[in-house]
4 protein chains.
Amino acid sequence: MLDETAKGVFTIAATPFLPDGALDFDSIDRMVDAYIEKGADGLTILGMMGEAGKLSAEESVAVVRRVTARCQVPVIVGVSASGFAAITALSNEAMEAGADGVMVAPPMGLQTDAQITNYFHSAADALGDIPFVLQDFPLATGVQISPSVILRIVEDCPTCVMLKHEDWPGLEKISALRKASDACGRRISILCGNGGMFLLEEMIRGADGAMTGFGYPEMMRQVLDAFLADKLDRARDIFDAYMPMIRYESQPGMGLAIRKYSLARQGIIAHPTLRKPGAGLTAAAITEIDVLTLRQEKRLAELGL
Amino acid sequence: MLDETAKGVFTIAATPFLPDGALDFDSIDRMVDAYIEKGADGLTILGMMGEAGKLSAEESVAVVRRVTARCQVPVIVGVSASGFAAITALSNEAMEAGADGVMVAPPMGLQTDAQITNYFHSAADALGDIPFVLQDFPLATGVQISPSVILRIVEDCPTCVMLKHEDWPGLEKISALRKASDACGRRISILCGNGGMFLLEEMIRGADGAMTGFGYPEMMRQVLDAFLADKLDRARDIFDAYMPMIRYESQPGMGLAIRKYSLARQGIIAHPTLRKPGAGLTAAAITEIDVLTLRQEKRLAELGL
Amino acid sequence: MLDETAKGVFTIAATPFLPDGALDFDSIDRMVDAYIEKGADGLTILGMMGEAGKLSAEESVAVVRRVTARCQVPVIVGVSASGFAAITALSNEAMEAGADGVMVAPPMGLQTDAQITNYFHSAADALGDIPFVLQDFPLATGVQISPSVILRIVEDCPTCVMLKHEDWPGLEKISALRKASDACGRRISILCGNGGMFLLEEMIRGADGAMTGFGYPEMMRQVLDAFLADKLDRARDIFDAYMPMIRYESQPGMGLAIRKYSLARQGIIAHPTLRKPGAGLTAAAITEIDVLTLRQEKRLAELGL
Amino acid sequence: MLDETAKGVFTIAATPFLPDGALDFDSIDRMVDAYIEKGADGLTILGMMGEAGKLSAEESVAVVRRVTARCQVPVIVGVSASGFAAITALSNEAMEAGADGVMVAPPMGLQTDAQITNYFHSAADALGDIPFVLQDFPLATGVQISPSVILRIVEDCPTCVMLKHEDWPGLEKISALRKASDACGRRISILCGNGGMFLLEEMIRGADGAMTGFGYPEMMRQVLDAFLADKLDRARDIFDAYMPMIRYESQPGMGLAIRKYSLARQGIIAHPTLRKPGAGLTAAAITEIDVLTLRQEKRLAELGL
């Protein structure tokens with residue numbers, strides 16, 4: 001079971017599809033193996049980047065079962081939905097299938113501090129004993145969560161064990177939360193998203209690791225390993241080698257297509273297919289990615305990676 | 001099967017719950033009977049006012065089956081969801097259970113004309129032969145649909161047979177759509193929502209009826225009957241008798257609680273329970289509703305109703 | 001100077017234009033006289049319904065000077081702008097010209113409680129001694145302000161003397177604020193907007209009056225007078241006579257055109273002109289208004305008004 | 001006068017303030033000189049990054065006059081405001097003071113294609129002969145403008161001579177616009193913003209240059225010069241040297257503080273002051289910037305820059 005001590009690299013998994021849009025279970029297996037081989041300490045499935053909203057309830061359960069059956073590291077399952085009945089249904093199925101926890105983002109439309117706090121109180125009630133990750137991703141949800149609101153939820157809900165930190169800008173938020181837990185507050189795990197864009201600054205501010213799904217997921221492992229070995233300059237060099245691609249992948253609404261293209265290019269998944277509505281890549285975009293990939297490989301080679 | 005000639009009163013059904021939040025199937029039966037007895041030409045279930053988003057996939061199917069088993073008039077099922085897989089899954093179950101069509105609202109976040117058109121093209125593709133209602137409810141969805149976009153969808157998608165008109169303000173939109181179909185365009189059914197707030201103006205502008213869920217659903221029948229019998233002054237008198245309550249029910253986020261209170265007060269459903277997150281009514285609100293109800297009854301008695 | 005004891009009817013004034021869009025100063029004079037004659041205890045100018053955003057800085061000052069020169073009752077000036085420099089500039093000009101206070105709405109985009117509180121702290125700082133009205137109008141601003149945030153601002157900012165209450169739904173907010181001031185908190189004036197749509201319920205919940213700009217502003221005087229004389233049934237009868245028009249005027253983005261048409265119809269302003277971008281009325285809309293006006297006159301005559 | 005042939009580097013200028021928030025005219029002079037010395041082909045003032053919304057009308061005019069008096073390259077003035085009266089007033093003052101054109105962003109809240117098109121038609125009407133830049137910055141305005149809408153405005157409004165391209169993702173938009181002008185459409189200038197984040201991809205897609213305000217504005221000159229000299233690899237090397245800082249500056253709501261800190265660090269402006277509401281930098285953030293600056297300097301030195 002997921003708890004407050006979780007750290008390291010939790011890779012956000014894509015959901016592979018066949019060209020006709022059906023689930024590609026073989027690619028799921030290969031992808032799970034590849035993520036772990038590339039250094040994942042855990043996986044997060046059915047997040048926004050996992051096209052969770054495009055699966056039927058039945059398909060979601062099927063994906064969870066396939067991943068948990070294959071995977072030896074902890075699995076977190078995104079269960080965000082329009083209501084608590086759907087959240088609870090998938091959460092229970094997921095935990096039964098062997099998941100270690102679930103992740104909940106606030107629904108679009110929440111605005112005041114009280115609305116957000118109440119939402120997570122109700123979510124915690126609905127989830128019972130299941131440990132959950134609070135996903136804080138304002139660019140996607142439109143919901144701005146103050147540090148004080150997060151702290152309130154952390155104090156009130158013992159099953160809230162992790163923050164998926166994806167606010168932008170968000171560095172001061174990490175500092176504020178760590179200042180509070182350094183004082184006397186309960187300390188939960190903070191893993192950071194945003195495609196890794198601010199990974200080193202986030203670690204320096206007090207994050208416990210990364211939870212994101214960059215197309216070359218070994219980046220997170222390599223950067224964190226250098227950081228944790230106190231080789232900060234080398235960590236920056238590695239990070240800078242990947243940064244042009246991280247930047248390119250950061251384009252909202254296109255990032256997933258870029259990521260799936262990279263995963264397919266590496267043979268990790270069989271097809272870069274997205275379900276509709278989902279942007280494909282134009283020839284121009286593919287050329288841009290290919291150029292960036294070559295430069296990235298060159299830079300990494302210079303770094304002995 | 002629902003088609004472009006649909007008209008009259010389609011009552012938006014609540015979803016009744018027991019005090020513990022479980023589905024109240026006995027109340028569903030009683031409510032269906034009452035709606036029909038009070039003049040419904042059709043029912044629309046699992047709309048926003050049916051708390052559709054708060055049901056699990058399994059519960060949604062259960063509600064559809066219960067209603068269609070009980071109901072002799074056409075049934076439209078709201079199937080709006082975060083993705084087409086969920087939409088298709090529920091739609092197929094609904095049609096198999098005997099529903100006559102489905103209703104689709106655009107997801108939050110769509111903005112440009114092209115995004116909206118593409119969405120409904122994809123929805124129509126996903127639904128295949130199933131006739132669908134385009135729900136145009138900007139106050140809830142945040143999506144503004146121009147008349148030209150609706151016309152484009154109507155021309156491109158033969159299975160789009162009805163507009164649930166709930167734009168606000170929306171009277172000019174009805175006029176624009178009717179002007180287009182009077183010219184040479186395909187004519188679809190327009191049924192109006194917004195709690196009935198502009199029902200007579202909408203009918204005069206060319207709407208085919210009402211699709212809304214006011215707590216005293218006989219209002220729609222009575223107003224439409226007088227209107228269709230060319231007794232416009234009487235139609236206005238009847239409408240004005242209900243208007244203080246229509247106005248009170250129009251409060252967003254509270255309307256459903258008010259409506260369920262009224263339905264329970266009349267014995268149509270057993271409990272006014274809403275699922276969380278959903279506002280209950282304070283004592284002050286209940287007093288306000290009771291006062292309005294008494295005045296409404298008095299006015300209706302004066303009108304011989 | 002405006003203070004916490006303000007109450008009664010503050011009419012929101014339109015800004016009259018000539019057909020070419022220039023300011024119509026003669027109509028300003030006539031309108032001010034008419035508002036006072038119809039029972040205004042105060043005027044609020046340059047609000048959203050005063051097309052404040054469509055005036056240049058110079059024109060805004062000209063309007064303030066004309067109104068304050070003509071007007072014997074207190075004048076509140078809407079000063080909402082994109083930044084504090086513009087707010088301060090207009091506020092100082094307004095107070096010098098004889099205004100009694102200013103009104104500030106939060107800018108679009110504020111979300112968290114802290115962002116809103118900080119904004120009004122800064123606004124109060126920038127305004128110095130000038131008393132201000134906090135305008136709480138989420139439908140227009142997109143900013144949701146919790147009762148606790150309003151209470152915080154009221155405690156922290158002694159120059160915040162009034163709430164323009166225009167949340168929707170908002171009745172529970174009035175009750176919450178009054179409960180707090182009944183306990184021990186500072187009590188400020190609450191005047192209610194929303195076109196008067198919930199005026200009686202608002203008064204019963206503890207509001208101090210109305211601040212809105214319905215096209216027949218005597219409605220507010222007549223309803224409040226009956227309410228304050230403890231003739232609640234008569235207050236409801238009067239309110240119900242105006243309600244079909246209040247409802248029609250509530251259409252967002254069209255309300256101002258309807259109101260200006262009504263004011264021009266009564267000879268209060270010379271032209272119903274709106275500045276661009278602003279919707280004109282179609283022939284169908286004008287017919288609808290005319291029908292409602294006739295019925296309203298008949299009902300009022302039956303009530304001896 | 002600005003026209004469709006504009007290209008190269010238009011630097012978005014900050015607005016320097018003294019520590020007490022007053023305009024710092026001496027720094028304006030020094031900054032204008034520095035921008036030109038660092039390679040600007042033109043300046044854009046009073047944009048969002050120029051804190052335009054925080055200036056009074058009078059202050060805006062004062063800034064325009066100071067800049068145009070000092071500056072030998074073309075000057076574009078941001079004139080976005082809540083209404084056309086304010087836009088016209090500032091535009092006329094700006095052109096009289098010697099500006100070459102103005103820039104207009106759509107106001108928050110526009111949604112449909114027709115609303116956006118109508119807005120720019122009205123803006124063009126209001127501006128008369130003044131050439132204007134259409135600013136397309138959805139992340140800040142919330143307004144999504146389709147390529148077809150831009151093309152429509154370009155065809156209808158001969159005074160629309162430039163697109164400030166700041167959509168995100170936006171590369172396909174450049175391709176779509178260039179495809180249209182390559183076919184037969186009118187071709188306008190496209191200068192790109194977004195802090196330069198995608199500068200090379202944008203140039204390859206057909207942009208005419210950069211219009212942004214990165215804290216080391218020589219970056220745009222150096223990258224464009226290498227690109228235009230067909231030294232694409234060198235252009236990428238230079239870009240990559242700046243990228244960690246470009247990325248850091250991309251944090252919304254903090255970017256301006258970072259930029260002003262960098263400008264002050266280089267002695268270009270005297271103080272990094274922002275007007276309220278505006279975030280200052282914490283000690284942790286300043287350390288992060290300093291580290292990035294040192295690495296940037298080292299990298300640039302390696303490149304002989």
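Two residues are in contact when heavy atoms of theirs lie within 4.5 Å. Keep that in mind as you tour this predicted model.

**Stop 1: the two chains.** Colour chain A and chain B separately. By that cut-off, 18 residues of chain A touch 18 residues of chain B. Putting the chains together buries about 1,200 Å² between them, and carbon and sulfur atoms give 65% of that area. Now select A:Ala85, A:Met108 and A:Lys276: within chain A, these lose the most area to chain B, together 32% of what that side buries.

**Stop 2: the axis.** How is chain A related to chain B? The same surface serves both copies, as 100% of the contact residues of chain A recur in chain B.

**Stop 3: charges across the interface.** Two salt bridges are found between chain A and chain B. For one of them, show B:Lys276 and A:Asp125: their closest N and O atoms are 3.9 Å apart. Four residue pairs are in polar contact between the chains.

**Stop 4: the helices.** On chain A, select helix H2 (57–70), helix H3 (84–96) and helix H4 (113–127), the elements that each give two or more residues to the side touching chain B. Which gives the most? H3(A) does, with four residues.

Terms used. Residues numbered from 1 in each chain as written. Chains lettered and ligands numbered in written order. Predicted model: local features only at pLDDT ≥ 70, side-chain atom pairs only at ≥ 80, totals over all residues. Heavy atoms only, no water. Buried area = accessible area lost by both parts, 1.4 Å probe. Salt bridge = Lys/Arg side-chain N within 4 Å of Asp/Glu carboxyl O. Polar contact = N/O pair within 3.5 Å; in protein donor to acceptor, adjacent residues only side chain to side chain.
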